[in-house]
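Dear colleague,

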Amino acid sequence: MFDTHCHIYKTETKNYKDIIKKCLNKNINLIINSVNIKTSKEVIKLSKKYNNVYASIGLNYDEVENINEKDFIKLERLINKNNIIAIGEIGLDYYWTKDNKDKQKYIFEKQLKLAEEYNLPVIIHARNSIQDVYDILKKYNLKGSMHCFQGSLEMAKKFINLGFKIGIDGPITYKNNKKQIELINNLDLKDILVETDSPYLTPEPNRGKKNNPTNLIYIINKIAEIKKETPEKVIEETTKNTKEIFNI
Ligand SMILES: [Zn+2]
């Protein structure tokens, strides 16, 4: 199985090596996402060392104020010299601030252009920004994942039509998450990816603790329950989707 979105590296998680090894033993593959140049280098290192680690690198909305032109050059150099499977996570986040929308869009599009140039899929973060993200993505010819998708069914279908898969995380296991359950109910398994966003968004029954990708099974089980399928079927389908989108 594949955890298509997590942040298991030194800067984020102290015991990252133990977690990766544990995942290797349990046959859990990881697409580890970076957020800046420093963590991109960490992720690349891990992808070279561990067979179950795949690198997705990018400059993220979080660091907007610090990102400059040199970072794009450094990012491109890393893409050029290493075996990267995607650009991400990248996107727009208006939850924390709307004051720098223009710079966020500039950074986002600059990396979408890189993805097109290098023929790489993208892993997208959209928080309180889904319409803007959609309006930008539809200008490009890209495929990828809508990480931790929080939008409506109608919006999900629009992204699917662009060539994107819908990333489902821990919150699907939370009580009363009717909106997400309804979403899964109406989506085909072929349009879904599973991810943990570790060390964040821990699913039930481990909510409250730090997340790690071995919790992916709780998300898979919940989707199976909603879709009235076996967990094996969910694993089979989402693994197929992952390989297709990320050319693995
Ligand atoms: Zn993330």
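Is Y218 buried, partly exposed or exposed, and what is its relative accessible area? Before I answer, please keep in mind that this is a predicted model. Y218, which lies in helix α8, is partly exposed, because its relative accessible area of 31% falls between the 20% under which a residue is buried and the 50% over which a residue is exposed. Not counting residues up to four places away in sequence, Y218 touches T173, P203, E204, P205 and N206. The C-alpha atom of Y218 is also separated by 7.9 Å from that of G170, although the two residues are 48 places apart along the chain.

Strand β7 (residues 164-168) has 5 of its 5 residues buried, so it is largely enclosed by the rest of the structure. In a regular strand the side chains alternate between the two faces of the sheet. In β7, F164, I166 and I168 point one way while K165 and G167 point the other way, and all of them are buried. Strand β6 (residues 144-146) pairs with β7 in the parallel sense over 3 bridges, and M146 has I166 as its bridge partner in β7. With helix α6 (residues 153-162), β6 and β7 make a right-handed β-α-β unit. β7 also pairs with strand β8 (residues 192-194), again in the parallel sense and over 3 bridges, and here I166 stands opposite I192. From β7 the chain crosses through helix α7 (residues 178-186) to β8, and this β-α-β crossover is right-handed.

A buried lysine

K165, which is found in strand β7, may be worth a separate look, as it counts as buried at 8% relative accessibility. A polar atom of the K165 side chain lies 2.7 Å from the backbone oxygen of K190. Leaving aside neighbours within four places in sequence, the residues in contact with K165 include G144, S145 and M146, as well as K190, D191 and L193, and also N241, E244 and I245.

Strand β1

Strand β1 (residues 2-6) is mostly covered, with 5 of its 5 residues buried. β1 and strand β2 (residues 29-33) pair in the parallel sense over 3 bridges, and the bridge partner of C6 in β2 is I32. The chain crosses from β1 to β2 through helix α1 (residues 16-25), and this β-α-β crossover is right-handed.

With best wishes

Key: Residues numbered from 1 in each chain as written. Predicted model: local features only at pLDDT ≥ 70, side-chain atom pairs only at ≥ 80, totals over all residues. Heavy atoms only, no water. Buried < 20%, exposed > 50% of the residue type's maximum accessible area, 1.4 Å probe, protein only. Helix = DSSP H or I, 4+ residues; strand = E, 2+ residues; numbered from the N terminus. Pairing = 2+ DSSP bridges. Right-handed = clockwise from strand over helix to strand, strands pointing away. Polar contact = N/O pair within 3.5 Å; in protein donor to acceptor, adjacent residues only side chain to side chain. Contact = heavy atoms within 4.5 Å.
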